[in-house]
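Hi everyone, thanks for coming.

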Amino acid sequence: MNPNELMTAKGVKPSALRLQIYHYLDMHRTHPTVDEIYSDLAESYPTLSKTTVYNTVKLLAETDIIKAIAIEGFRTRYDENTAFHAHFLCRKCGMVYDIFDVKEPDFPENGFVAETTDVYYSGSCKNCQNKIKN
């Protein structure tokens, strides 16, 4: 399903700016913050404000079009990939990585209905570990 169809199916009007923010998240798999999205798009959209970016990602996250990630506790990042996966935060460089080799629990079998699932790990990434060794 393309972004236009996805937003329409979720009851969100696919405005040019909403599509641009979604496209930005799709192209930048770094799990950016509102500030990062705003900084990168502001030059192309001179009337863009941080409030508009915040309201857009909030709407897209509330409608499960994107995923809000609160891995750091004080700062929310955004992910275009809403499929089940975990995230790894490197506490040294601040990068957030997708971890797909995670088994999703069988909640219905245990009598649970999960509405959200957030699996986070933190530590140091391979790049930062290599810097320490060298």
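This is a predicted model: local features need pLDDT of at least 70, side-chain atom pairs count only at pLDDT 80 or more; totals for chains, interfaces and linings use all residues.

Let's begin with two helices. Helix α3, residues 34–41, packs against helix α4, residues 50–62, at an angle of about 125°, and their axes are 9 Å apart. With that angle, α3 and α4 are therefore oblique to each other. If you want the handedness, the crossing of α3 and α4 is right-handed. And who makes the contact? On the α3 side you'll find Val34, Asp35, Ile37 and Tyr38, and on the α4 side Lys50, Val53, Tyr54 and Val57.

Next, the empty space. How do we find it? Rolling a probe the size of a water molecule over the atoms shows where empty space is left. Here, the largest pocket holds about 400 Å³. Its lining has 17 residues, and the ones nearest the centre are Asp64, Lys67, Glu115, Thr116 and Thr117. We meet α4 again here: α4 and β1, residues 67–69, are the elements that give two or more residues to that lining.

Last stop, Val102. Where does Val102 sit? You'll find Val102 in the loop between β4, residues 96–99, and β5, residues 120–123. Leaving out residues up to four places away in sequence, Val102 touches Phe84 and Ala86. Now compare Thr33: Val102 and Thr33 are 69 residues apart along the chain, and their C-alpha atoms are separated by 24 Å.

Key. Residues are numbered from 1 along each chain as its sequence is written. Side-chain values use heavy atoms; hydrogens and water are left out. Helices (H or I, at least four residues) and strands (E, at least two) are DSSP runs, numbered from the N terminus. Contact means heavy atoms within 4.5 Å. Axes are lines fitted to C-alpha atoms, for helices over the stretch in contact, and angles run from 0 to 180 degrees between N-to-C directions. Angles under 35 degrees count as roughly parallel, over 145 as roughly antiparallel, 65 to 115 as roughly perpendicular and the rest as oblique. A crossing is left-handed if the near helix is turned anticlockwise from the far one by less than a right angle, and right-handed if clockwise. On a 1 Å grid over the protein atoms alone, a cavity is a set of points where a 1.4 Å probe fits but cannot get out, and a pocket is an open set with protein on both sides within 12 Å along at least five of seven lines; lining residues have an atom within 4 Å of a point. Grid points are joined across faces, edges and corners, and a volume is the space filled by probe spheres set on the points.
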